[in-house]
Amino acid sequence: MKFWFNLSIRIKFIVITILISSISTIVGLAIVNLFQFNRVKLDKENDIILKSKLIGEYVVTSLLFPDSLGAVSVLKKIDAVSYIKNIALYDSTGKIFASYSKQKSAYNPILLEKMNIKGDSLIYDKGSLKVIISIYYNSMCYGFLYLESDLESVSSRQSEMLLVMLFSLLLVSLMSYILANNAQRILFKPLLKLTKLTSIVTNSQDYTIRSIPKYEDEIGVLMLSFNKMMDLIERTINELDDAQVNLRHSEERYRGLVNNSPIPIYILREDKCNFTNLAGIELLGGSIFNIINHDFIEFLDPSSRKEFQYYFEPGKLKENEPISREMKILKNAEEILFINITGIKIVEFGDYSTVLMCVNVTDRKIAEHEILKLNANLENEIEIRTKELKFALTELIEKNKQLTLAEQNMRTLMEEAERANKAKTEFIANMSHEIRTPLNSIIGFSDILLKKIKNPDYINFLNSIVTSGDALLAIINDILDISKIEAGQVELRLSKVNLNQILSDLQQLFLPKLIEKNVEFILEIHNLPKYILIDEARIRQILMNLISNAVKFTDNGFIKITVKTQILNHEAINLTIDIEDTGIGISNKFLDKLFDVFSQEHWDKNRKYGGTGLGLAISKRLIEKLNGTISVRSDIDSGSTFTIELADIEIIDDNDYNHQPIKSSRGNVRFEPASILVVDDIEFNRILIKEYINNTGLNYYEAQDSTEALELLDEMNFDLILMDLKLPEIGGLALTKIIKSNEKYKPCPILAFTASAIKFELTEYDGMFDGYLVKPLKHEDLIIELSKHLKIIYNHELGNYYEHLSEYNNDADLDPILLNTIINSLESDLLPGIDYLTQYLILGEIENLIVKLNSINANAKISHLTKYSNELYLSMKKFDVKNIKISLSNFNKLIETLKELYNSKTQNI
Amino acid sequence: MISHKSNILNDLKHLYVIAIILLLTVIGNNSEAISKMNSQINENSLIAAYIERFTRFVDWPLNSNVNNKNQSFIIGVSNNYELFLKLSELAPTLKIKDKNIDIVLIKTIDEINCVNLLFLGAKDQEKLLQIVKICKENSILTISNSNGFALKGVIINLYNEQNSIKFEINDNIAREAGLKISHLLLQKAKIVQ
């Protein structure tokens, strides 16, 4: 076996290849031959059976019509078949009927009864095949036929096949050898080359030798791996060389370092000093020979020797865990020095040594001793000071306790004050409700009666009632305002405000009074941005108060409003408003009290001028709330100047300007058909609202309480609900919550209706109500609030007019006579009133003007006139005062245009 | 026409044997006559056996009642009363084409067309052409043992040669009658045209 494994890989490859191919050939041929042997045998059997049956059929008639000679002549047909030797025919009882043999010697056919054969049989016997078959015709057996054949042809065929097999085997082996021999040259040549290369490397130790792979097969990969391995070996050897050089240098450096180190170093082996440097010799004194091969412990002071043994003896130290101790050492065996010894265990070639590095700390030890002495003194000093501090601290704690007590008392007082203030606010709120509710009915019903009663005496009475009611309401409002301000309940609602517009409105408001008094009103505005961010209601209230006072106390001369701005940046300004009058003036001594509550200089003149003396107090407080100041300059009989200064007012970009709610033009407003529900337990409130919305096109429904309200809501849908907050049982807010949260009710705006001016703060009901109305309710306030939620049409005529706006006529077809009549009518009937309208902008009168224009133009449908009234109507609908004024001032131009039209038509005729 | 069922034939067989014994007793010692009679009896037995064997090698046309399993195979015998008796004796023990056999004795020419196989005696020579015509039309296999009958249209004719019975076949007539004769029988016979 060892012989086989020692053989060359080439020979092994050839032998294995021949073996494999020979075995494969033998197995393959054996299988084929086995199959062929059987095939030959079967063919022989089938052939002889077929021949037997053919002969059998031809001898049927010989058996049936007994004719043994005829039978023999049929049997003789076997002469044509070489391998059939003998044949015999038996009748159905098995008796011999005829027979024939090719052999020359006498033939004795076998006796069937002796052979004990039942049915057809094949018998191989002594190199011959014997066949016995039954002779059938039309399913009837007529006899038996016996045939005897030799098997020589089968045997010769088998011999031939064996010969072929042997020859094939020989041929395959020869071919295998030739092919394997050629293949091994291709396969193993590079491998043998690599083997040879390895031997060269080993013998010459030349690691630069590399193999050159031709292909990328396994041998190619092996060659590449060999090259890589050689690279690695070459690199490693180079690195080893470098490392050795480095090591040598390092060792030299180390020796220089240790020898010249200022730190004394000792290397001990088995307690004996094995090595020391120059500093080591210097520390211990004497020469190197007194140190080398001496026990290190001898150099230590006796008091340190036990400690040294404990920490630095062999076996105590551990690798990489240095230990430092302070010990005493004897220099020249006499002088005691303090040293800090650091010991490290190092292992070299299996033996361990102890390296000791020593630092002389004798100087430090002496200094430490001095410091300890000083520390002792310092501690005494600190103790004294600490005692003093403790005493001071005790005093502080005592004072703190007293302060806490005082603070508690103050807090109690404050809480009491807050409670009192709250009680006051509650009282005022309730009082306001209690006074406003009856006042609501007084003013409201008086208002209604004024429209219905014609008797001048009663009208005067009613006017007195309304005036008194208004005055009382103003007083109550002022009292409430000042209460709210003092209670700190005023919250600012900043919005986009057009201050210019407010001042114009106020001018319009006081215009009749100013005309009556013959006082000039001057408005001077410098660089005011269109919109600023401020509380509109409060600034309006302040200006109203101040202008109202100026008007009140000025009987001649002028009232001048000057608005100045100081631009801080493009987002904010400082605003200064001067209200100057030429009125009665204020005395110097009263100027200080001017802004106090209920202060009015001319109490004696109070009857003449009226007022509560709260206006300026309210204004001052509101201005302060707006982060501003108010000041006054005045001389008796020369007039006064009030100056408001508001700092850092934000400017608003006018792109997202919101339209102000529509102002009511009393008596002419109509709404598109809608149903409103008024929920109030007080009957006269309900009647008042019903009267107010009479003839406005709205359907009025009322409910006394929540039960009635919900019943009505179940029955029908409403477009708006007016909800009293102080309802019996569940209250207006709770009922509103029920309505808003129930999906079966149609969503509609709900307006809160309350007499309480203080308690009602929108923030409390945020998201719940869509608006609010305060008692006593005024007609205008109601209409304005309703107009925010319901669609307005003005009056019927205007509605129709607007619908027909598109029906422009062609002016070319216009009758000149009709045109002339229209021009005359415009000049005589309408033109005289235009100046008045332009000055006072009475919306009701402007609407009447549009209706009249519409009526005049009904037949002619003059396009200029239609366009004019259309523009005027649209401006009025938008309450665009500027455009209304432009339209009115263009009335003359309209007439001139119509005249030109008339002239052109008459000239054409 | 006389028709014998197999049970009646059994009785007749006994009567026939008794009649022969009585006849021998009455005639006395006439040995030549007895010998001739015995020879005649053996020949008829052989003919009877051959008739059955011939049918194994002949196929009748599909429309012939031979192929109807419900009808018996009818053999008519004309002018050979001994053969009639012999066949009648053997009929119960045999089957042709897997059917029972009825034997009829033909006396007039009109009785021919109901048989499947007709044996003609030597006396039928006078009306032979007429009989052959009827037999051809009705697919009747005709057999005889008279010289020259095959040449005159009988399909199988038995004859004696060197003391053994041979047969000749007129295959053309057989084909005209719609009958197919196996080649095995043909190769054993002498073919006449």
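Let's start with two helices in chain A. Helix H12, residues 499-517, packs against helix H13, residues 536-553, at an angle of about 25°. Their axes are 11 Å apart. This is a predicted model, so keep that in mind throughout. An angle under 35 degrees counts as roughly parallel, and H12(A) and H13(A) are therefore roughly parallel to each other. The crossing of H12(A) past H13(A) is right-handed.

Next pair, also in chain A. Helix H18 covers residues 706-715, and helix H19 covers residues 732-741. They pack at about 20°, with axes 11 Å apart. H18(A) and H19(A) are therefore also described as roughly parallel to each other. Here H18(A) passes H19(A), and the crossing is right-handed.

Now the sheet in chain A. Five strands make an open sheet. The order is S7-S6-S10-S9-S8, and the pairing is antiparallel. Which strands stand at the edges? Strand S7, 272-276, and strand S8, 323-331, of chain A. Each has a single partner strand, so one side of each is left without a neighbour in the sheet. On average, neighbouring strands of this sheet are turned by 35° against each other, direction ignored.

Look inside that sheet. Strand S6 of chain A, residues 265-269, pairs with strand S10 of chain A, residues 351-360. The sense is antiparallel, over four bridges.

Over to chain B. Strand S3, residues 73-78, and S4(B) run parallel, joined by six bridges. Gly76(B) sits opposite Val104(B) in S4(B). How does the chain get from S3(B) to S4(B)? Through helix H3 of chain B, residues 81-90. That β-α-β crossover is right-handed.

S4(B) itself spans residues 101-106. Is the strand mostly covered or mostly open? Mostly covered: six of its six residues are buried. Ile101(B), Ile103(B) and Leu105(B) point one way. Asp102(B), Val104(B) and Ile106(B) point the other way. Note that Asp102(B) is among the buried ones.

Last, the cysteines. Cys358(A) is buried, because its relative accessible area is 1% and the cut-off is under 20%. Cys748(A), at 12% relative accessibility, counts as buried too.

Conventions. Residues numbered from 1 in each chain as written. Chains lettered and ligands numbered in written order. Predicted model: local features only at pLDDT ≥ 70, side-chain atom pairs only at ≥ 80, totals over all residues. Heavy atoms only, no water. Buried < 20%, exposed > 50% of the residue type's maximum accessible area, 1.4 Å probe, protein only. Pairing = 2+ DSSP bridges. Right-handed = clockwise from strand over helix to strand, strands pointing away. Axes fitted to C-alpha atoms, helices over the stretch in contact; angles between N-to-C directions. Parallel < 35°, antiparallel > 145°, perpendicular 65-115°, else oblique. Left-handed = near helix turned anticlockwise from the far one by under 90°.
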